[in-house]
Every structure is written in C-alpha cells, then in structure tokens.
Amino acid sequence: FAPRHLLSIADLTPQELTKLIRNASAHKSAVKSGSVPSSIQNSLLGQTVAMMFSKRSTRTRVSTESAIALMNGHPMFLGSQDIQLGVNESLYDTSVVISSMVSAMVARVNAHSEVAGLAKHSSVPVINALSDLYHPLQTLADYLTIHEAFHTTQTSDNTQTLGLEGLKIAWVGDANNILFDLAIGAAKLGVELSVATPKGYEIPAEMKQIITSSAPNGTTFSIAETHIPEEAVKNADVIVTDTWISMGQESEKQKKLKAFEGYQVTKEMAQRGGAKAGWKFMHCLPRHPEEVSDEVFYSPASLVFQEAENRLWAVLAALEAFVVNKGKIV
Ligand code: CP
Ligand code: NVA
C-alpha cells in the first residue's frame, strides 16, 4: 500500500480541491454550532501524528494540534532540537523509523526536497506544513476564506464548485511558496491572477511552467505579471501579500527591503490602481508593517484573522482526507 501525500496543491484535481474546501467549510459550521461531525470525532483515536517542524510556526502548529485534538488523536510535536534528523540521522532513516510508529507525518522543512524525501520513504501519508516552494494547508484556508467572502447563494447550493470563477486575485510582493500554491489553486479553480514583483524577484520559469500546466484539460491559465503594483491591482477583488523576507532569508533583509520599496499595500495604492469597490485584503501572517499599512490590515476589508482561523478547518479536512480516508477525498 503506497500512501498518498499532500505536498502541494498540484497533488489535487480541481474536483478534489473544491471538495476539500467544501468539507472544511462544512466542518467549520458543524463544530461552531456545537457538534463535532461523527466522521471527525474519534477518527484518530489512539493514533499519533508526528509534527516534524524545522522552522518556527504559530498558525500551522496550533491549527494542526487543535485539529488532531478534535479527532481525538495525539499530535506529537518534534522540533529540530528534539529529533536526530539532520544532525545524527539521515532523512531516509528518520522517515522509515518515524513512519513505522505513527499514522501520518506533518512536516515543515527548508528545501522542498526534504519533505519530498520524507514522503518518498514513508509508509504513512506526509502532509507539507511549508517548504520553500509550497504551503498547501495555507492555500486551502485561503480559498475557503475567499469562498466565504465572495460566493453567491446560487453557487453555495452547488456542491461541485466554489463559485469563484471570474474572480480576480492580485498578488503584490515576493514570488514565494505562498504565491506558488495560491497560483496553482487559481489555475485549478478558474480564478484570475495578476502578480506584481520587483525586478529580479519574478516567479522562476520552472515554477511558471508548473503553475500554467495545472490548469484542467481544455482550459488555459496565464498569470498577468508586472513590476508595477498599481497595474496588478486593477479590477482586483482580493489583494494578497506575504512577508518579503521568508524564514531562512534573513541575511537578504536589507537588500530586499530596498528592492520592495513602493510595494506596501495601502488604500491609496489600491485606489490609484483601480481595485474593485469592496476589494478585500489577505495575508497568511506573520505580517510586518512594511508589507501593508495598519489602515488596511486592521480595516473591515481585511480578511486576515478569518483567514488565520480557517487554517484549523483546512487542516481538519486535509487530515480527514489524507490520514483517516487514506487519500480518498469524499
Ligand atoms: N501562515 C503560517 O503558516 O503561519 P505560521 O508560520 O505561524 O505557521
Ligand atoms: N513565505 C513565508 C511564509 C510563512 C508562513 C515563509 O516561508 O517564511
């Protein structure tokens, strides 16, 4: 039996991506109204999920541990100071050993090849909790948030879709892991995407290839790329950014702060560029003030705290699909 892993949104069909987000939404409603669905309660009873994190985390750790608690499983947090990986022991040995004792591994790594390597040698499902290339759990939460903010009642009754077709997302900032999975999701869900990055910080060509080839058969997807933030936000429904300095890039801080001058998301910038009336703002967090003004970040247009909470419902749906249902997304 080869386990099915969730390493990137690219691992999901458009139908599966839609279903996972719909499941997350249904679980959110049920738990909030006071009943943990029977498919969730005790679904991991007596089972351990190893959480191997070689970087800091607030949202991913707390949401994953809380989701496992809702399932009555045991989250075992293993920071880089706790286990032998990378110091005394190889990825191969670690993966074989840990996967022989737990039901799943949720891993936050540096290079994507590390989580891919864990998955390759694991006898249990591996879920990527952030690598330098992808953050699928964040993307699930992001599209759940966009669905909640934008779907119409008409589409909310149709379980086949999220009702996001034709919506426009504008990304203003660094071309990074958060953008890459968001873009793959856009290709799969029929969402329009424009991206503004400073010169020298564009989406790498190989990644663009992965993103555009994620569009379902019979459809094409292209990203409108620019170096001018105002151009990207034209007609945008949602403006999204992330930190300019991802974990591990601290030594590039001064250089990047300089390169990203003029990229702060502000009300004036959105107005100058002609974002749609009622545009919303998103950020996966943690946030730094240079990326977005307080005025936007703490305004009613900001979805950031709803987006953060949705990490819980997203990981709950992902654990249900990949760990409890062994990769069947139903
Ligand atoms: N957005 C996100 O993944 O946050 P953490 O790094 O705090 O987990
Ligand atoms: N791009 C950021 C996301 C943190 C959740 C990083 O990789 O550090």
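Analyst: A definition to start: the expected span of a helix is 1.5 Å times one less than its number of residues. Also keep in mind that this is a predicted model.

User: OK, how many residues does helix H5 have, and what span does it reach?
Analyst: Helix H5 covers residues 136–150, which is 15 residues. From first C-alpha to last it reaches 21 Å, close to the 21 Å expected.

User: Is H5 enclosed or open, and why?
Analyst: It is largely enclosed by the rest of the structure, because 13 of its 15 residues are buried.

User: How many salt bridges does the structure hold?
Analyst: The structure holds 11 salt bridges. One of them joins the side chains of Glu148 and Lys28, at 2.8 Å from N to O. Glu148 lies in helix H5 and Lys28 in helix H1, so the pair ties together parts that are 120 residues apart in sequence.

User: Why can side chains pair like that?
Analyst: Side chains of opposite charge can pair when their charged atoms come close.

User: Is Lys28 buried or exposed?
Analyst: Lys28 is buried, at 11% relative accessibility. The cut-off for buried is under 20%. Glu148 counts as partly exposed, at 26%.

User: What else does Lys28 touch?
Analyst: Leaving out residues up to four places away in sequence, Lys28 touches Glu148, Glu309, Asn310 and Trp313. With Asn310 there is a side-chain polar contact of 2.8 Å. Lys28 itself sits in helix H1, residues 14–32.

User: Where do Arg61 and Glu65 lie?
Analyst: Both lie in helix H2, residues 59–70. They are 4 residues apart, about one turn of the helix. Arg61 forms a salt bridge with Glu65, with the closest N and O atoms 2.9 Å apart. Arg61 is partly exposed at 32%, and Glu65 is partly exposed at 24%.

User: And what about Arg287 and Asp294?
Analyst: Their side chains meet in a salt bridge, 2.8 Å from N to O. Arg287 counts as buried, at 17% relative accessibility. Asp294 counts as partly exposed, at 46%.

User: Switching to ligands. Which residues surround ligand 1?
Analyst: Ligand 1 is surrounded by Ser57, Thr58, Arg59, Thr60, Arg108, His135, Gln138, Cys284, Leu285 and Arg311.

User: Which atoms of ligand 1 are involved with Arg59 and Arg108?
Analyst: Oxygen, in both cases. An oxygen atom of ligand 1 is 2.9 Å from a side-chain N or O atom of Arg59. For the side chain of Arg108, an oxygen atom of the ligand is 2.8 Å from an N or O atom. A nitrogen atom of ligand 1 is 3.0 Å from a polar backbone atom of Cys284. Taken alone, ligand 1 exposes 260 Å², and the protein buries 96% of that.

User: What surrounds ligand 2?
Analyst: Leu130, Asn176, Asn177, Asp242, Thr243, Ser246, Met247 and Leu285 surround ligand 2. A polar side-chain atom of Asp242 lies 2.7 Å from a nitrogen atom of this ligand. Ser246 also places a polar side-chain atom 2.7 Å from a nitrogen atom of ligand 2. From Met247, a backbone N or O atom lies 2.8 Å from an oxygen atom of ligand 2. Taken alone, ligand 2 exposes 270 Å², of which the protein buries 94%.

User: Last one. Where is Ser122 found?
Analyst: Ser122 is in the loop between helix H4 (112–121) and strand S4 (126–128). At 7% relative accessibility, Ser122 counts as buried. Setting aside residues up to four places away in sequence, Ser122 touches Pro3, His5, Ser95, Ser99 and Met105.

Definitions and conventions: Residues numbered from 1 in each chain as written. Chains lettered and ligands numbered in written order. Predicted model: local features only at pLDDT ≥ 70, side-chain atom pairs only at ≥ 80, totals over all residues. Heavy atoms only, no water. Helix = DSSP H or I, 4+ residues; strand = E, 2+ residues; numbered from the N terminus. Buried < 20%, exposed > 50% of the residue type's maximum accessible area, 1.4 Å probe, protein only. Contact = heavy atoms within 4.5 Å. Near = heavy atom within 4 Å. Polar contact = N/O pair within 3.5 Å; in protein donor to acceptor, adjacent residues only side chain to side chain. Areas by Shrake-Rupley, 256 points an atom, 1.4 Å probe, with all protein chains shown as cover. Salt bridge = Lys/Arg side-chain N within 4 Å of Asp/Glu carboxyl O.
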